[in-house]
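Please review the charged side-chain contacts of the protein shown here. The briefing is arranged by topic.

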Amino acid sequence: MSAFEYRTARSLAETLDQLARPGHVPVGGGTDLLVTIDEGLASPDVVLDIRAVPEANGISELADGGVRIGAATRLADVASHVLIRERYPALAQACEQVGTPAIREMATLGGNLMQRPRCWYFRRGIPCHKNGGSSCPAHDGENQYLAVLDGGPCWMVHPSDPAVALVALDAIVEVHGRGGARSIPIATFFVTPRERMDGETVLQQDELIVAIQLGAAAAGGMQQYTKLMQRGAWDFALVSLAAARRVDGEVRLVLGGVAPRPYRVYTSVEEEAMSGGLDEDAIVGLAERALLDAEPLSKNGYKVTLAASLLRDAIRKLAAE
Ligand SMILES: Cc1cc2nc3c(=O)[nH]c(=O)nc-3n(C[C@H](O)[C@H](O)[C@H](O)COP(=O)(O)OP(=O)(O)OC[C@H]3O[C@@H](n4cnc5c(N)ncnc54)[C@H](O)[C@@H]3O)c2cc1C
């Protein structure tokens, strides 16, 4: 593990000032950053603990009826908060299915969205596109946990459960940096390896996620986050699905574990799922259409089967509401 200095930031201004310097990175719970340093995937000079920054802390109600979650809020606190459980249950369910209780007590929401991919090759320093190599050894190798949609030239999947729920809830990522603040719709926050290889989001090195905002329009209705794992618990998703029917009737269907970013299905599939009155053939057809672009690798075709099954169950439930 390379040596680094640990500092605690007390204000947002101080944090942004420090992040503007080369080699300075933010840390939340450290449950991924410290591992990536240990694995030689990151070598910061200064690790800046942002958990005492007031703007990045706590869960509060917004004037328009939405909710703001500070990026340094721990996943366990997001999962148990009354506003989240009542208004955004899909997010509460996603947070309470992350890893182990110990991880949820340490990990922050911002850090969870920024965690690096779990692909064995990348993590173990076997040369690959993401760690400085020029090919993807997983493509013809151990690819059972990798992408079936939006893959290539790297087939990583984004490991975050909360990210999938947040896309279904049309969340806004509140980002601050040297150049000012920007509000990024979460659907455009994550990028594929085609767009960027040295990270999985549009965030720049000097920028910080300060909060996640959830709008009033996404509150309530029918929401659920379903996660399929190889082990019964304490595991990353093989495939997951966040499904929501908002109070205004709009439907969101977002898959996790299948692509380099949370994968929202075609709007036309969501619109038909919203129209109701679907018989079983129509439901099966919609799930198939949602996965038309799937291109499984040699060992992960099972993910298409799992995703279709989750979609059918969710569409059936939406149709019955
Ligand atoms: C055994 C195990 C099982 C796991 N299972 C799951 C699972 O099932 N589902 C799941 O979703 N995750 C899972 N994880 C991953 C875990 O959730 C993440 O490690 C954790 O959420 C990261 O949060 P953190 O606050 O510790 O991030 P850190 O380790 O502190 O930071 C991670 C990255 O984010 C950056 N960062 C931190 N905060 C910010 C911010 N506010 N703005 C910008 N950048 C920031 C850091 O610089 C670093 O690059 C698992 C991890 C382990 C070890």
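Predicted model: local features only at pLDDT ≥ 70, side-chain atom pairs only at ≥ 80, totals over all residues.

Residues are numbered from 1 along each chain as its sequence is written, and side-chain values use heavy atoms, with hydrogens and water left out.

**Overall count and network**
- The structure contains 28 salt bridges (a side-chain nitrogen of Lys or Arg within 4 Å of a carboxyl oxygen of Asp or Glu).
- A network of salt bridges links D170, R246, D248, E250 and R252.

**A buried pair**
- E200 and K130 form a salt bridge with an N to O distance of 2.8 Å.
- This pair links distant parts of the chain, 70 residues apart: E200 is in the loop between β7 (180-185) and β8 (208-214), and K130 is in the loop between α8 (120-123) and α9 (161-168).
- Helices (H or I, at least four residues) and strands (E, at least two) are DSSP runs, numbered from the N terminus.
- E200 is buried at 4% relative accessible area, and K130 is buried at 9% (buried means under 20%, exposed over 50%, partly exposed in between; 1.4 Å probe, protein chains only).

**Partly exposed pairs**
- R289 and E272 meet in a salt bridge at 2.6 Å, N to O.
- R289 lies in helix α11 (residues 280-290) and E272 in helix α10 (residues 267-275), so the pair ties together parts that are 17 residues apart in sequence.
- R289 is partly exposed at 26%, as is E272 at 35%.
- D77 forms a salt bridge with R74, with the closest N and O atoms 3.0 Å apart.
- D77 is partly exposed at 31%, and R74 is partly exposed at 30%.
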